[in-house]
Amino acid sequence: QVQLVESGGGLVQAGGSLRLSCAASGSIFSMNVMGWYRQAPGKQRELVASISSRGHTGYADSVRGRFTIFRHNASTVLLQMNRLKAEDTAVYYCNLQYYSDMIGSPRAAWGQGTQVTVSS
């Protein structure tokens, strides 16, 4: 029922920039954390950056100082990716942790993924 729409992926040269967007819609009572994960072929999916409903952010060590996550509005988050490296090449997935009702039942939703390719 909940949908996450991702955009902004593409091909960029090392040192370049991209901005990823994730927009959430559907039956969401309240949102807890929205974030971005990435997965390269043969590697585990890893958390890249996250932002809480209060605006608290967290970053993987590999991207801290280069990537910035921020809210465009209550349901949309952006990931600004600067000084991209070949090692950043992966499929990036938006993730939302939310509550569907006032009882507090936890839920999670995933986007379909957007490809980011950085050429060296």
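**Figure 1. Strand E5 is largely enclosed by the rest of the structure, because five of its seven residues are buried.** The model is predicted: local features require pLDDT of at least 70, side-chain atom pairs count only at pLDDT 80 or more, and totals for chains, interfaces and linings use all residues. Residues are numbered from 1 along each chain as its sequence is written, and side-chain values use heavy atoms, with hydrogens and water left out. Buried denotes under 20% relative accessible area, exposed over 50%, and partly exposed the range in between (1.4 Å probe, protein chains only). Helices (H or I, at least four residues) and strands (E, at least two) are DSSP runs numbered from the N terminus. Serine 50 belongs to strand E5 (residues 46-52) and counts as buried at 17% relative accessibility. Apart from neighbours within four places in sequence, serine 50 contacts (heavy atoms within 4.5 Å) Val33, Met34, Gly35, His56, Thr57, Gly58 and Ile69.

**Figure 2. Strand E5 pairs with E4 and is joined to it by a hairpin.** Two strands pair if DSSP finds at least two bridges between them; E4 and E5 run antiparallel and are joined by six. Tyrosine 37 has leucine 47 of E5 as its bridge partner. Six residues lie between the strands in the hairpin, where glycine 42 takes a positive phi near 80 degrees. Proline 41 is placed in the loop between E4 and E5 and is exposed, with a relative accessible area of 81%. The C-alpha atoms of proline 41 and alanine 90 lie 7.5 Å apart, although 49 residues separate the two in sequence.

**Figure 3. Strands E5 and E6 form a hairpin with four residues between them.** Their antiparallel pairing extends over three bridges, and isoleucine 51 stands opposite threonine 57 in E6. Glycine 55, in the turn, has a positive phi of about 90 degrees. This residue is found in the loop between E5 and strand E6 (57-59) and counts as partly exposed at 39% relative accessibility.

**Figure 4. Four strands form an open antiparallel sheet in the order E1-E3-E8-E7.** Strand E1 (3-7) and strand E7 (67-73) stand at the edges with a single partner strand each, so one side of each has no neighbour in the sheet. On average, neighbouring strands of this sheet are turned by 20 degrees against each other, direction ignored (axes are lines fitted to C-alpha atoms, for helices over the stretch in contact, and angles run from 0 to 180 degrees between N-to-C directions). E1 pairs with strand E3 (residues 18-25) in the antiparallel sense over five bridges, with serine 21 in E3 as the bridge partner of serine 7. E3 and E8 run antiparallel and are joined by six bridges; leucine 18 stands opposite methionine 81 in E8. E7 and E8 also pair in the antiparallel sense, over six bridges, with arginine 71 opposite valine 77 in E8. A hairpin with two residues joins E7 to E8.

**Figure 5. Strand E8 is mostly covered, with six of its six residues buried.** Thr76, Leu78 and Gln80 point one way, and Val77, Leu79 and Met81 the other way. Threonine 76 lies in strand E8 (residues 76-81) and counts as buried at 10% relative accessibility. Beyond neighbours within four places in sequence, threonine 76 is in contact with Ser21, Cys22, Ala23, Phe70 and Arg71. Methionine 81, not counting residues up to four places away in sequence, touches Gly16, Ser17, Leu18, Leu20, Arg66, Phe67, Tyr92 and Val116.

**Figure 6. The largest nonpolar core has 31 residues.** A nonpolar core is a set of buried Ala, Val, Leu, Ile, Met, Phe, Trp, Tyr and Cys residues joined through side-chain atoms within 4.5 Å. The residues with the most contacts inside the core are Met34, Trp36, Phe67, Leu79, Met81, Tyr92 and Leu96. E3, strand E4 (30-39), E5, E7, E8, strand E9 (90-99) and strand E11 (114-119) each supply at least two residues. The most comes from E9, with five residues.

**Figure 7. Arginine 45 lies over the rings of tyrosine 93 and tryptophan 110.** A charge sits over a ring if NZ of Lys or CZ of Arg is within 6 Å of the ring centre and within 35 degrees of the ring normal. The charged end of arginine 45 is 3.9 Å from the ring centre of tyrosine 93. For tryptophan 110, the distance of arginine 45 from the ring centre is 4.8 Å.
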